[in-house]
Amino acid sequence: MSLVQSIVIGLLMGTVFGVALEKSRVFEPGMIVGQMQLKNFIMLKVFLTAVATGAVVIATLHGFGLVKLAPKATFYAADVVGGLMLGAGIALAGACPGTVLAQVGVGYRDALFTLLGGLAGATAFGYAEPVLKPILAASGPGKITFMDLTGLSYPVMAGGLAAVLVLILVGLEMWRPWRADLGADVDGDFGPTPAKAARPHLEPAE
Amino acid sequence: MSEIAQTCPGSGSGFACSLKAKAWSPYVAGILIGLLQVPAFLLIETALGASSSYVTVGGIAASWIDPAVTNIDYVAKHIAATGKNWWQVALVVGVAIGAFLSMRISGARRRPISPIWSRALGTSSQGVRYAVAFGAGFVMLFGARVADGCTSGHGLSGMAQLAVSSTVAVAAMFAGGIATALLLLRRI
């Protein structure tokens with residue numbers, strides 16, 4: 001696979017990814033902040049559906065011997081500290097490292113600042129990595145999976161995970177239908193000032 | 001609300017029609033995103049991810065000012081001209097393109113700043129929002145690199161592979177996100 005081919009494939013896959021993020025509205029700050037404030041569940045629904053689908057398709061490819069699993073190594077301190085920072089950033093950005101690009105694409109101006117901050121943060125980590133690595137990656141059990149911990153096979157675990165996630169999603173949807181979380185401008189905004197807002201495309205005269 | 005969520009007003013059907021819809025079911029979108037693991041694994045021999053690309057782009061930009069940054073193995077590894085590195089940069093660029101096209105086709109135009117921010121931050125100042133966004137982006141990517149993955153790499157891909165590291169990182173991510181959104185932001 002040449003570099004150019006990889007880039008073309010990346011652009012095509014990213015375009016599909018971007019359409020899915022935009023159509024599901026999960027890239028909206030209102031959806032992400034709403035999820036973290038536990039009043040909007042579209043993010044969780046998209047996320048868990050994608051995890052369940054991924055588990056099934058990766059297990060299928062793996063079953064045919066077409067792919068090797070690539071789990072990341074476990075370093076508990078790094079996973080917990082990094083995860084907490086990542087989550088805090090997501091809440092204040094109203095975006096994830098991937099969805100911020102969708103925000104840039106639709107014209108959210110603040111997303112450009114999130115993107116620049118992200119590039120600065122990643123670069124800062126690059127400078128700090130030689131110092132941080134001995135602390136963060138001091139000890140850990142390596143690339144372990146729940147298959148290693150339970151002794152079950154990947155197809156069984158992946159199928160079980162997908163089944164549990166589907167049950168959770170069915171329950172979530174019964175409790176809270178997704179359309180109820182969209183908002184009038186499909187941005188997860190349920191603010192008190194709909195009349196004041198400029199929403200020309202929702203006017204009857206359109 | 002139903003007139004917004006409906007898949008296609010008037011005549012027409014199928015894919016082209018769906019692209020005109022402003023909103024899809026989260027389940028349709030989630031399945032589509034999950035299916036992207038197939039080309040990722042088969043063609044690039046990697047899983048979906050996003051945050052490494054920030055090191056690639058940031059590292060290259062830094063090397064223009066400070067060539068010595070390439071002496072750091074971690075940076076050198078990320079800015080190397082490999083298919084995986086540039087595939088991921090292309091992937092996130094594609095995300096912006098896809099979202100732009102989707103928005104243009106459906107007509108779901110956005111204002112420059114989401115209306116939730118004036119309530120969440122307690123001010124309608126654009127400068128405050130830009131500053132918060134920059135700081136949040138910094139913390140978000142620094143944290144993602146500490147954890148070695150983000151919502152995509154750990155969340156979508158790691159959890160689908162039942163990796164212990166990813167499950168811990170995603171639990172911490174939601175814990176950090178919920179605590180921050182409840183303690184530091186006002187209710188939207």
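User: Among contacts in chain B between residues at least 6 apart in sequence, what share joins residues at least 24 apart?
Analyst: The share is 48% in this predicted model. Two residues are in contact if their C-beta atoms, placed from the backbone, lie within 7 Å.

User: And what is the figure for chain A?
Analyst: In chain A, 64% of the contacts with a separation of 6 or more come from residues 24 or more positions apart.

User: Before I go on, what are the ground rules here?
Analyst: The model is predicted, so local features need pLDDT of at least 70, side-chain atom pairs count only at pLDDT 80 or more, and totals for chains, interfaces and linings use all residues. Residues are numbered from 1 along each chain as its sequence is written, while chains are lettered from A and ligands numbered from 1 in the order in which they are written.

User: What is the mean pLDDT of chain B?
Analyst: The mean is 93, and 91% of the residues of chain B reach 70 or more. pLDDT is the predictor's confidence in each residue, from 0 to 100.

User: Where does pLDDT stay under 50 in chain B?
Analyst: Over residues 1–6. The model has nine contacts beyond four places in sequence for that stretch. Where pLDDT is low, the predicted coordinates should not be read in detail.

User: What about the complex, which ipTM and pTM does the predictor give?
Analyst: An ipTM of 0.93 and a pTM of 0.93.

User: What are the spans along the principal axes?
Analyst: The C-alpha trace of chain A spans about 60 × 45 × 40 Å. For chain B, the C-alpha box is roughly 60 × 45 × 35 Å.

User: How many residues touch across the chains?
Analyst: 124 residues of chain B contact 117 residues of chain A. The chain B side has 85 nonpolar, 31 polar and eight charged residues. Ala, Val, Leu, Ile, Met, Phe, Trp, Tyr, Cys and Pro count as nonpolar, Asp, Glu, Lys and Arg as charged, and the others, Gly among them, as polar.

User: How do α4(A) and α11(B) pack?
Analyst: Helix α4 (residues 76–93) of chain A and helix α11 (residues 164–183) of chain B have axes 6 Å apart, at an angle of about 40 degrees. Their contact has 17 nonpolar, seven polar and one charged residue. Axes are lines fitted to C-alpha atoms, for helices over the stretch in contact, and angles run from 0 to 180 degrees between N-to-C directions.

User: Why are they called oblique?
Analyst: Angles under 35 degrees count as roughly parallel, over 145 as roughly antiparallel, 65 to 115 as roughly perpendicular and the rest as oblique. α4(A) and α11(B) are therefore oblique to each other.

User: Is A:Glu22 buried or exposed?
Analyst: A:Glu22 is buried, because 32 C-beta neighbours lie inside 10 Å. Buried needs 20 or more other C-beta atoms within 10 Å of a residue's own, exposed 12 or fewer, partly exposed in between; C-beta atoms are placed from the backbone. A:Glu22 sits in helix α1 (residues 3–24) of chain A.

User: What does A:Glu22 touch?
Analyst: Beyond residues up to four places away in sequence, its contacts include A:Phe27, A:Val106, B:Gly98 and B:Met103.

User: And where is B:Cys150?
Analyst: B:Cys150 is in the loop between α9 (126–147) and α10 (151–160) of chain B. B:Cys150 counts as buried because of 32 C-beta neighbours inside 10 Å. Among its contacts are A:Leu86, A:Cys96 and B:Ala50, leaving aside neighbours within four places in sequence.

Definitions and conventions
Helix = DSSP H or I, 4+ residues; strand = E, 2+ residues; numbered from the N terminus.
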